[in-house]
2 protein chains.
Amino acid sequence: MALKAGVSTMTVSRALHDNGNVTEETKERVLAAVRELGYSRNENARSLRPGHSSNLIGVTVTDISNPYYGEFVIGVEEVLAQHGKRVILGNTSESQEREEQLLADFAGRQVDGAIVVPAAGTEHTHLRSMADRGMRVVLASRSIDGLDVSSVVLADFQGAYDATVELIRSGHERIGFVGWAEGIYTAVKRYAGFAQAMSDHGIPVEERYVIDRVQGVEEVEKTIQGLFEQPKSPTAFFSANNRHHMGVFRAALQRRHELPDNFAMVSFDDFELSSLSPFPVIIVSHDPREMGRTAAEMLLESGREEQRVLPVHIRRSVRRV
Amino acid sequence: MALKAGVSTMTVSRALHDNGNVTEETKERVLAAVRELGYSRNENARSLRPGHSSNLIGVTVTDISNPYYGEFVIGVEEVLAQHGKRVILGNTSESQEREEQLLADFAGRQVDGAIVVPAAGTEHTHLRSMADRGMRVVLASRSIDGLDVSSVVLADFQGAYDATVELIRSGHERIGFVGWAEGIYTAVKRYAGFAQAMSDHGIPVEERYVIDRVQGVEEVEKTIQGLFEQPKSPTAFFSANNRHHMGVFRAALQRRHELPDNFAMVSFDDFELSSLSPFPVIIVSHDPREMGRTAAEMLLESGREEQRVLPVHIRRSVRRV
DNA sequence: CTGTTAGCGCCTTCAG
DNA sequence: CTGAAGGCGCTAACAG
């Protein structure tokens, strides 16, 4: 290789490390050759040596096209970059199988660890076995009960509880909940907070107001439209995330003039055009980038498993239109 | 390692490859040990061997929190996954320096190639040298004049031209352009298309209607508000991308009742709540996921450098509120 | 059918 | 101050 610079590989190595004992002159010669040939150390070979890591971190998210996960990844990378580590990113689209493949691949690449937003479902034996065989794993956004792996989540229950109380205090009783889903931690917790608030105020949760199994924005929109056409439709909606809220919002806007005067909505996750909403929107906002940073920091700290909970903030949209 | 299964490493290798000559029985024994120990091949060591690649592809984007780039990355990964390749993702935040670091790192990790959405600026000597020293590079979304590297871009000029003509045909003459930026390919091309359409229709482009150097949504919003307060403010706006459009949209909505009846906007990039806009919105829409797929395919095909242009579609928002 | 040898690129250790 | 030897995990090529 750069031996064409007249020295041994060992000298090249030393020159590149700077610390070693090399004449200023030979060092110059080596660096010149390096520049000329555009040489760069083979990190894979490097990581092969005992005591060296790959400096790679595997990250899986369920949907990178959701800006929340985009922000999350930025936060992760921000922290990791300061430690010279890089991100291998995998998008699972909520597929357990894909998640498994990705984690197996991460293991093969000798990643220092993995940050995982677990896909929907309960079969998390692969995460268990990964952790068991020594891979550091941090779960983010969604935790998994019974899996003793570090995780960082939001105050999902409390946020949902508080926002629901706000709705109730505004006089709502028929409140729809959109986005319940078995096997998705955030959906379950947020529903639990919602239901608890209802129960604490003596309001029963009507089953037909609870929308689950809806996927895309369009589908939510159609479902809510259907609900509006029935008698005694909800006077308020709680959406478990930004995608669901978009569907509800679109349905409500179309129905705008037939809705009750006090029609209101809760959106878990912030919402870019909230200030344009003709209805009051109670927003449960949080900082996904901070969650990314936290997950990365937890991965780097080699302490024991721990669970961290990040705060959420309840905010009322200020109508500006 | 898995020699604890009673055989040599060679036999393990053969058992894992399946093809080799191994007794069904020993193979079983090896696979059992593999399962038990949770062993997985070291891909880094593997890639060290002659003729083997790392199966890693470096990808840099300017802002992964923009859902367009999220979709883009999904498209990239979709194609690469079919070839057993993984993505190392880096977010540049439009920083040349960061882009350089990332590409240098990619080189060190022996990536098979890199897909780059170049950061703003003209100093692309590092891309040049990467390509020169044999790294396959595909530029996406933004091309770089004079750099003979493959690229996939949108029909930026034509899309901007056509959309502008639509505005002009609706009777607009005072049209603002938001998002010009030196050194950003898409901004330059889209502005060129806009300016050409204006010129072809004998309408001069007023300098004070051309907004540049604006970054975030808030900043755009404020700037446009300022413009509205001046006499003879634009009766229509062309936004060079989804972020800019959001700022313009918000400013316009606040000013809603003082704007001319035919106030209209062009948004390059689709726009989730376009159907709610009280003003007509002409949308230049396109498919970022398809761009990701294309970029990945171009990287994998080892042909000569080529430039591909993906189509855009002009669409009028259907007002549904 | 299975094991040994050798070398991918790096760097710790030990000789010059 | 510099070089040679050896081994990280893997597998093609060559024994046996």
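Two residues are taken to be in contact if their C-beta atoms, placed from the backbone, lie within 7 Å. By that criterion, 41 residues of chain A are in contact with 41 residues of chain B. The model is a predicted one, in which local features need pLDDT of at least 70 and side-chain atom pairs count only at pLDDT 80 or more, while totals for chains, interfaces and linings use all residues. Residues are numbered from 1 along each chain as its sequence is written, and chains are lettered from A and ligands numbered from 1 in the order in which they are written.

On the side of chain A that touches chain B, at least two residues each come from α3 (43–48), α4 (67–81), β2 (86–91), α5 (96–108) and α10 (242–255), where helices (H or I, at least four residues) and strands (E, at least two) are DSSP runs numbered from the N terminus. The largest share, six residues, is supplied by α4(A). Sorted by class, this side of chain A has 16 nonpolar, 14 polar and eleven charged residues; Ala, Val, Leu, Ile, Met, Phe, Trp, Tyr, Cys and Pro count as nonpolar, Asp, Glu, Lys and Arg as charged, and the others, Gly among them, as polar.

Strand β2(A) runs antiparallel to β2 (residues 86–91) of chain B, and three bridges join them, pairing being assigned if DSSP finds at least two bridges between two strands. Within this pairing, Ile88(A) has Ile88(B) as its bridge partner.

In chain B, the 15 residues of helix α4 (residues 67–81) should span 21 Å at 1.5 Å a residue, and the end C-alpha atoms are 21 Å apart, which agrees; the expected span is 1.5 Å times one less than the number of residues.

Nine nonpolar, eight polar and four charged residues make up the surface near DNA strand C.
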